[in-house]
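User: Could you walk me through this model while I have it open? I'd like to start with the rings and then move to the ligand.

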Amino acid sequence: MSTHAKTVAVIGAGPVGLAAAAHALERGLIPIVLEAGADVGHAVRQWGHVRMFSPWEYNIDGAAERLLDAVGWNSPDPTQYPTGAELAEHYLAPLAERSALQDHVRTSSRVTAVARSGFDKIKTKGRALAPFELRYQNGAGSRILRADAVIDASGTWSSPNPAGANGLEAVGEAPARERIVYGMPDVLGRDRARYAGKKVAVLGSGHSAAGSLIDLARIKESEPATEIVWLVRGETPEKAFGGGGKDELVARGELGARQARLVAAGGIEVQPAFRVTRIDLDADRLRIGAESSCCARHIVADELIVATGFRPDLSLLREVRLSLDPALECPLALAPLIDPNEHSCGTVRPHGARELAQPEPGLYIAGMKSYGRAPTFLLRTGYEQVRSIVADIAGDRAAAERVELVLPETGVCNLSRADSGARGCPSTGAPA
Ligand SMILES: Cc1cc2nc3c(=O)[nH]c(=O)nc-3n(C[C@H](O)[C@H](O)[C@H](O)COP(=O)(O)OP(=O)(O)OC[C@H]3O[C@@H](n4cnc5c(N)ncnc54)[C@H](O)[C@@H]3O)c2cc1C
């Protein structure tokens, strides 16, 4: 039997990737984190201006904290809510640069492909014994890393969903890009001049859309010429308001409540059932259209913010064997827990190696990417995922199976059918 310490390649130095590396180090494994960006927390820094709705106590992984404590970390107040930038600066950067992880992280290293050494996807016999081969690009060109296990924690930030209601880009969307921003622009800071005094359409019903709408409403207080149009794909906007006071994450509940108040006060024009099909740049303004077999309507705006969520980039996993849910593009066993078609719970039964393992032995998808297209991921969930995955890689089945997590309820849990067993809300005690 081999006694060498296993090498664990981790794709992405976001909060979950670094937590995976911390757990691996604690267990005597050799983690190597490959990060595409120039700094750790590259994706988090893109939304650095956004204040998180979960306080520090939810945002720090246990193994990472132990590594930081060992080097005299000045830990933040657990009750405070960091911005993305603060999460990167006060937690991720010291973890990667000052703790025992410092020799295990390679930045500016973008993974382009994962394969099994000497085995193409078809070949089976002996496959599980072959090491993984990760192809990555750094400043010096194309590189190869061999590893016994791979945890893909590369997130979804760099592949936002397009505006088109059918999941494709709307006709004309690409040529109109100069007037479109995806995700959550820094409306009150860096991008203020872009939006102040303009007519701005926001498309989407999640937390990012809510955040942008609230920020635009604040601009409108000092620049009354600013017009805000909220494009909602659903028949009514109410679903987007969340659990309000029932949400156990107070800041998350307050986000929806503030959005509801702004809509009620008339500061935001709502266009329900607006399913974008085409976007035209017309005399420097956007003509955003929603056409169906029965009818067509459009609005004209100066700017469009598309906050319709994200999807995983699966291209780097093309040469390994995957089993993903056909709708959500998440690991198959996870889909019943998070499918937004069946329930709106932000609360998900804790899960780990068993649900996240792929048919390719030693390969796991974790963090934001593990949720595929589902929108309800929480960092705490990701930390539990990688604790369990690393235990599995280390051969500690008991620890891999153990559940060590209690998640806050969202206060919303609308089942679409009474039977919550197969693909409904997990048994968290959330009201059905
Ligand atoms: C605006 C916003 C606010 C949020 N607020 C909260 C909150 O309050 N509480 C909460 O619990 N969750 C929140 N989330 C959800 C989630 O916890 C975060 O998105 C979190 O950053 C996910 O961590 P991650 O490590 O899985 O992925 P990411 O943070 O996205 O990290 C992935 C990393 O992988 C790198 N990468 C990507 N592709 C490659 C590649 N091919 N090769 C190498 N590296 C690669 C990226 O550069 C990035 O650094 C929020 C999300 C957003 C977008």
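**Rings, ligand and loops**

Analyst: The charged end of R116 sits over the ring of F132, at 3.9 Å from the ring centre; a charge counts as over a ring if NZ of Lys or CZ of Arg is within 6 Å of the ring centre and within 35 degrees of the ring normal. Please keep in mind that this is a predicted model, in which local features need pLDDT of at least 70 and side-chain atom pairs count only at pLDDT 80 or more, while totals for chains, interfaces and linings use all residues. Residues are numbered from 1 along each chain as its sequence is written, and side-chain values use heavy atoms, with hydrogens and water left out.

User: ok, and what lies over the face of F119?

Analyst: That is K123, which is 4.7 Å from the ring centre of F119.

User: How many aromatic pairs does the structure hold?

Analyst: There are three aromatic pairs, where rings of Phe, Tyr and Trp (its six-membered ring) pair if their centres lie within 6.5 Å, with planes under 30 degrees apart counted as stacked, over 60 as edge-to-face and the rest as tilted. Y371 and F377 form an edge-to-face pair, because their ring planes stand at 80° with the centres 5.2 Å apart.

User: are those two buried or exposed?

Analyst: Y371 is buried at a relative accessible area of 0%, and F377 also counts as buried, at 11%. Buried here means under 20% relative accessible area, exposed means over 50%, and partly exposed is in between, using a 1.4 Å probe and protein chains only.

User: Switching to the ligand: which residues come nearest?

Analyst: The ligand has 27 residues around it, of which E35, F53, S54, M368 and L379 come nearest; a residue is near a molecule if one of its heavy atoms lies within 4 Å of it. By type, the shell holds 17 nonpolar residues, eight polar and two charged. In that division Ala, Val, Leu, Ile, Met, Phe, Trp, Tyr, Cys and Pro count as nonpolar, Asp, Glu, Lys and Arg as charged, and the others, Gly among them, as polar.

User: and which element gives the most to that shell?

Analyst: It is α2, with three residues. At least two shell residues come from each of α1 (15-26), α2 (42-46) and β4 (110-116), these elements being DSSP runs numbered from the N terminus, with helices (H or I) of at least four residues and strands (E) of at least two.

User: What about polar backbone atoms, which ones face the ligand's oxygen and nitrogen atoms?

Analyst: On the oxygen side, a polar backbone atom of F53 is 2.8 Å from a ligand oxygen, and one of H42 is 3.4 Å from a ligand oxygen. On the nitrogen side, a backbone N or O atom of V111 lies 2.9 Å from a ligand nitrogen. The protein buries 93% of the 980 Å² that the ligand exposes when taken alone, with accessible areas from the Shrake-Rupley method and a 1.4 Å probe.

User: Which residues have a positive phi although they are not glycine?

Analyst: Among them are A273, with a phi of about 50°, and D284, with a phi of about 70°. For context, most residues other than glycine have a negative phi.

User: where do they lie?

Analyst: A273 lies in the loop between β11 (269-271) and β12 (278-282) and is partly exposed at 23% relative accessibility. D284 is placed in the loop between β12 and β13 (285-291), and at 47% it too counts as partly exposed.

User: One more loop: where is T79, and what does its side chain contact?

Analyst: T79 lies in the loop between α4 (62-69) and α5 (84-97) and is partly exposed at 47% relative accessibility. Its side chain makes a polar contact of 2.8 Å with the side chain of D77, a polar contact being a pair of N or O atoms within 3.5 Å, where within protein one must be able to donate a hydrogen and the other to accept it, and residues adjacent in sequence count only if both atoms are side-chain atoms.
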